Amino acid sequence: MSELDLRELHNTEFPVPADMQNNVAITSLSRIYNWSRRSSIWPMLFGLACCAIEMIATAASRYDTARFGMEVMRASPRQSDLMIVSGTVTKKMVVPIVRLYNQMPEPKYVLAMGACASGGGPFKEGYNVVSGIDQYVPVDVYVPGCPPTPQALIYGLIALQRKIDGQSLANMDDVPWYGVGPSDPVPIPILGPDIIDPRQMELIRQQAERAAGAAGKGTRDLPAAVMDIGKPRTVPTVESVTAEVKQEAGVPAVEAPKAEPAAEVDPEKAARIAKREAALARKRAAQEKGEN
Amino acid sequence: MVDQAILPAALDSGDVQTAINHLKEMYPGKVQDDTRQGYSGVIIDRSVLVEAATAIRDKLGFNYLSSVTGVDYLGFGDHLEVVYHAYRITGGPALVFKAQTPRDNAEVPSLIEVYPGADLQEREAYDLMGIRFHGHPNLKRILLWEGFNGHPLRKDWKEAYYEQEHKPFDSRWPAGYARRAEELTVFGKNVQYPADLDLSRLSDTTESQLYSGMGLGVDVQDEVTSEGIKTDRLVVNLGPHHPSTHGVFRMVVELNGETVENLEPVMGYLHRNHEQIGERNAWNHNMPFTDRLDYISGMSNNLGYALAVEQLLAHGARYTPPTYRAEVIRVLMVELTRIVNHMWAIGFLLNDLGAFFTPALYAISERERILDFFEATAGSRMMPNYMRFQGVARDIPERIRSTANQLNDRVRDFNTMDYLTELINERIPGAIDELDRYLSDNEIIKARTIGVGYLPKDMAIAYSAAGPVLRASGVPYDVRRAEPYSIYPELDFDVAVRYNGDIYDRYLIRLDEMRESVRILKQVLPRLEATKGESVFAGNKAIYMPRVPLGEAYGRVENPKGELGFYVISQGDPKGPQNPWRYHVRAPSFINLTALGQMSKGHKVADIVAILGSIDIVLGETDR
Ligand code: SF4
């Protein structure tokens, strides 16, 4: 905030005399409260992975988050308002992250920076990677990118400011911290044979009992379409997909809507796909022959 | 203080052959040539491994153990194999030796007594492969946690989101049909539990086990020294969330008063399963993943991986090496990266010394300019994904432009060569001199760093330290000279070396190396001009994915942080498998940490943060 312009706070029809406009503002409590909070968000000094480097670059002189009152990065969660989850969240690291989140005083916000924090990113399938921090703590703003450019991060921070502007003191259900009493901490995950979210205990127990029963491991409540992943599959057509969806929904597969005449399908691509399918089929047949 | 470079390749491959012959004479019947197609080195019977390794170190002179890793040959002999790459510290090629063990009850003697640098690497192989190293004093999981179910790098271990052995997955290609991986598990999360999971007995013991390894509880004990001064002994935990640990690194230190008696690095908080994902990925699919190893120097990581795979490709019939222009551009990128990295390292070392952020702001301002060039060339500031096997992705652009001309954005539009010339001849040397002027003679810096974190020469070698850490301890070892690659043989530069092995020298050597990089870059500029317009890619553009011939390869480069090696194995389909059978990264940040405990002993707790800063680690690479 380079220049303090009080007029931006005005929130009333009541006229302020022209000569007092730089000294007096008439506004609502929510407005001034939100205004002061969003102009001094202190992020936690906390980097996880590659995205943290761009976060530091954003805070440095070229991009300069000081323009938003955000240059004060606090190392302690107790003094910070915003947790920028800047990087891949691993199962081992999510435990301290949840703990840090719980230690932050309200009002608190979480910004998921980058593909990893938003949904797992390039390392999503890794056995030690959490598919997005939002599986454990609530996220306010997602910033896509790998890593997001400093510009993108700044855009995300501005989006957060807008979000804060829209919150209301009057409406207690709006955000938990305007309600009564303390809000519940997020339960801390446990590192067992794999990470265990205490909120899923019941489900895990059920599955374990199932597995211990006759069925053995591998009986999972999966939709039929998921089970066949890994098996060679044919290219879905409009008909097959509709039929699949209908079956899953328990509805008998009624007549699929007539496929649009092949106008949208690129004939070259279709030919390529058909060729590949044929080759695959030949290969499979040859393999089977070899095995027998 | 820059020493004359050691002569390249004083020992050629014939010497390795002589060494192997000696070894065979010493252990008749126990040492065999590795005769598999595309493999080299010897297989040593595990019963004589320790003696043989001692002989390799002392008699044959291969005293620098670069890399230790495991390979699971499920379906190809059904054994586990531990692969060692040992070098002579004077330069030259590697002696590769291997030890095999059955998959059940896998056990190999630990080489930690012979090569202390094997410490963390053996723990990693134990953690991810389940190979027990007999005689290792601290064989605990390192990247995952105690109690994790299974050893994920074994070929029969499947992750929760498992779809298929290799990419591109049939479910997505060629139709482009994708599904959210969360749908694959009932839990909607990336988790799976063993059938015998007992929730009633579940408790998180990772922390207590960690502290039990320290041989001390967390309670405070009194101790009276001979002079009658009373100090408290206690265990202090630093990290994984700590402002000065360079990411999510954690140290558990045992203090006597304020003096460090014992330090245990704890890692894995950023273990992103790089290697396992890499073994499902297609060969060229791994290139963007290497960017994310040492994410400050993406370009050099690219080069290391490209070199490793090119070694394999060279076995094939139709291989043409990268064009000259491609090599020139590669060196340009890599040396610029070195400057970016060292600037960053120095800035943040100052942070660790307590000069919070102001020096760092100076240090990384020049980085932005280099990144502008990277962005214009590769399309991304930090994650270039720029190198290809047999070349680079595209030529450097004619002009560097901003993509959008927005209000308040001063339009960027420069001629690339002018921009580079100014950067290399004026801006970067100016920035280096500026740091030198402000920092090198600073009272406080000298008081805090001289004599602190001392790593003697022989210990640096024994602990397999690499890069600036090794060279600051008086060992002029630089892969660019020891086993030259690309166009380094024709470039004129010196290997920087310093002799005191403390934080101050590790700071100074980074300045030296940046100056040497500038020297290299100045020679690169005319070569860039001279090759203008030439092709930058020697491969066949029509082939999306080259078939990689069978065999093993170890490609290594001198990364800013030390020797970065890629050990890749191509195995399986004889026409050339789609994806690496094994993809191992020898990460300098990881292995340099082996010596951290040694360096920290006897120093104050405030110093270990600076010692860590002087090693210059990056967690993406440490934990992978
Ligand atoms: S989103 Fe990309 S840059 Fe960010 S942490 Fe993940 S891999 Fe790194």
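Colleague: How many residue pairs are in polar contact across the interface of chain B and chain A?

Modeller: A polar contact is a pair of N or O atoms within 3.5 Å; within protein, one must be able to donate a hydrogen and the other to accept it, and residues adjacent in sequence count only if both atoms are side-chain atoms. Across the interface of chain B and chain A the rule gives 25 such residue pairs, both residues at pLDDT 80 or more. This is a predicted model, in which local features need pLDDT of at least 70 and side-chain atom pairs count only at pLDDT 80 or more, while totals for chains, interfaces and linings use all residues. Residues are numbered from 1 along each chain as its sequence is written, chains are lettered from A and ligands numbered from 1 in the order in which they are written, and side-chain values use heavy atoms, with hydrogens and water left out.

Colleague: Which helix of chain B gives the most to the side that touches chain A?

Modeller: Helices (H or I, at least four residues) and strands (E, at least two) are DSSP runs, numbered from the N terminus. Helix 9 of chain B gives the most, with five residues. By class, that side of chain B has 42 nonpolar, 15 polar and 16 charged residues. Here Ala, Val, Leu, Ile, Met, Phe, Trp, Tyr, Cys and Pro count as nonpolar, Asp, Glu, Lys and Arg as charged, and the others, Gly among them, as polar.

Colleague: How many salt bridges are there between chain B and chain A?

Modeller: A salt bridge is a side-chain nitrogen of Lys or Arg within 4 Å of a carboxyl oxygen of Asp or Glu. The count between chain B and chain A is four. One of them joins Glu54(A) and Arg381(B), with the closest N and O atoms 2.7 Å apart.

Colleague: What area is buried between chain B and chain A?

Modeller: Buried area is the accessible area (1.4 Å probe) that two parts lose on being put together, summed over both. For chain B and chain A this is about 6900 Å², and carbon and sulfur atoms give 64% of it. In chain B, Trp145(B), Lys189(B) and His241(B) lose the most area to chain A, together 11% of what that side buries.

Colleague: Into which domains is chain B divided?

Modeller: Domain bounds come from an automatic or database domain assignment. Chain B has domain 1 (4-134) and domain 2 (274-622), and their centres, taken over C-alpha atoms, are separated by 27 Å. With contact meaning heavy atoms within 4.5 Å, 40 residues from domain 1 of chain B and 37 residues from domain 2 of chain B take part. About 3100 Å² is buried between these two domains, 60% of it on carbon and sulfur atoms. A salt bridge links Lys98(B) and Glu552(B), whose closest N and O atoms are 3.0 Å apart.

Colleague: Is Ser440(B) buried or exposed?

Modeller: Buried means under 20% relative accessible area, exposed over 50%, partly exposed in between (1.4 Å probe, protein chains only). Ser440(B) counts as buried because its relative accessibility is 6%. Ser440(B) lies in the loop between helix 10 (416-439) and helix 11 (443-449) of chain B, and its side chain makes a polar contact of 2.4 Å with that of Asp436(B).

Colleague: Where is Asn256(B) placed?

Modeller: Asn256(B) is in strand 11 (residues 250-256) of chain B. With a relative accessible area of 15%, Asn256(B) is buried. The side chains of Asn256(B) and Glu261(B) make a polar contact of 3.1 Å.
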